[in-house]
Amino acid sequence: MSNWLDTAIRRFQYGVRVLCRVPGLTVLVVVTLAVGIGANAGVFTLANAVLLHSLPVSDPQELYFVEARGERGGGSSYPLFQALRGGSTQLSDLGAFQLTERRVTIDGQLELATVEYASGNLFQLLGVGMRLGRAILPADDRIMGAGGADGPVAVISHQFWQRRFGERIDVIGKAILVGEVTATIVGITARSFTGLQP
């Protein structure tokens with residue numbers, strides 16, 4: 001064992017001496033290794049997120065995503081979603097969501113946030129649990145753009161709740177301004193749910 005260790009130490013010292021004699025080669029080797037290791041780490045991180053981890057929802061293997069594009073590249077309309085949902089005999093259910101960036105004003109403080117507009121059945125369809133409060137319900141999207149009987153409602157992510165509200169439980173029932181629309185927070189998602197984008 002001692003002989004093997006002595007040989008390894010001598011080889012390492014020899015390698016260091018050779019690299020010190022040719023600094024240009026040393027820099028090239030170090031940069032090549034750094035780029036290679038960084039690229040491999042990036043590819044693995046992407047593959048891990050997209051291919052190896054499933055979405056944090058019930059039965060992710062049964063989900064299908066359909067992206068509809070309207071005229072001029074915009075998203076499809078909510079009435080089209082309702083017509084597809086009502087006429088579908090092949091699917092157990094159909095939910096809709098749209099990811100966008102919006103200005104959100106909370107207690108007079110403005111910030112840019114990632115907002116996901118969702119149909120009233122989406123959380124039930126996905127089987128997403130709530131940390132506090134309740135999910136958005138089908139009754140909450142009865143009137144397009146105006147919500148249900150209680151007006152527009154919002155569910156915030158566990159991460160946003162921690163960062164923005166410090167895990168205060170009195171956020172349920174709090175009014176926030178999303179764009180130009182006032183919405184009431186009715187729930188906070190479970191910690192495991194981070195959205196539908198891997």
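Predicted model: local features only at pLDDT ≥ 70, side-chain atom pairs only at ≥ 80, totals over all residues.
Me: How many salt bridges does the structure hold?
Reply: Side chains of opposite charge can pair when their charged atoms come close. A pair counts here when a side-chain nitrogen of Lys or Arg is within 4 Å of a carboxyl oxygen of Asp or Glu. By that criterion, the number of salt bridges in the structure is five.

Me: How many residues apart in sequence are the parts tied together by Arg163 and Glu111?
Reply: Arg163 and Glu111 form a salt bridge, with their closest N and O atoms 3.2 Å apart. Arg163 belongs to helix H5 and Glu111 to strand S2, so the pair ties together parts whose separation in sequence is 52 residues.

Me: Is Arg163 buried or exposed?
Reply: The cut-off for exposed is a relative accessible area over 50%, and that for buried is under 20%. Arg163 has a relative accessibility of 55%, so it counts as exposed.

Me: What is the N to O distance in the salt bridge between Glu111 and Arg164?
Reply: This pair links distant parts of the chain, with Glu111 in strand S2 and Arg164 in helix H5, 53 residues apart. Both Glu111 and Arg164 are buried, the relative accessibility of Arg164 being 15%. Their side chains meet in a salt bridge with an N to O distance of 2.9 Å.

Me: Which residues does Arg164 touch, not counting residues up to four places away in sequence?
Reply: Arg164 is located in helix H5. A polar contact of 2.9 Å joins its side chain to that of Glu111. With residues up to four places away in sequence left out, Arg164 touches Ile106, Gln109 and Glu111.

Me: Which residue forms a salt bridge with Arg168?
Reply: Arg168 is partly exposed, with a relative accessible area of 37%. The closest N and O atoms of its salt bridge are 3.0 Å apart, and the partner is Asp170.

Me: Where does Asp107, a residue with positive phi, lie?
Reply: Phi of Asp107 is near 50 degrees, a positive value in a residue other than glycine. Asp107 is exposed, with a relative accessible area of 52%. Its position is the loop between strand S1 (97-106) and strand S2 (109-118).

Me: What is the relative accessible area of Glu167?
Reply: Glu167 is not a glycine, although its phi is positive at about 60 degrees. The residue is placed in the loop between helix H5 (158-165) and strand S5 (175-178). Glu167 is partly exposed, with a relative accessible area of 35%.

Me: How far apart in space are Arg131 and His158, C-alpha to C-alpha?
Reply: Arg131 is in strand S3 (residues 130-133) and is partly exposed at 44% relative accessibility. Arg131 touches residues including His158 and Trp161. Arg131 and His158 are 27 residues apart in sequence, and their C-alpha to C-alpha distance is 7.5 Å.

Note on methods:
Residues numbered from 1 in each chain as written. Heavy atoms only, no water. Helix = DSSP H or I, 4+ residues; strand = E, 2+ residues; numbered from the N terminus. Buried < 20%, exposed > 50% of the residue type's maximum accessible area, 1.4 Å probe, protein only. Polar contact = N/O pair within 3.5 Å; in protein donor to acceptor, adjacent residues only side chain to side chain. Contact = heavy atoms within 4.5 Å.
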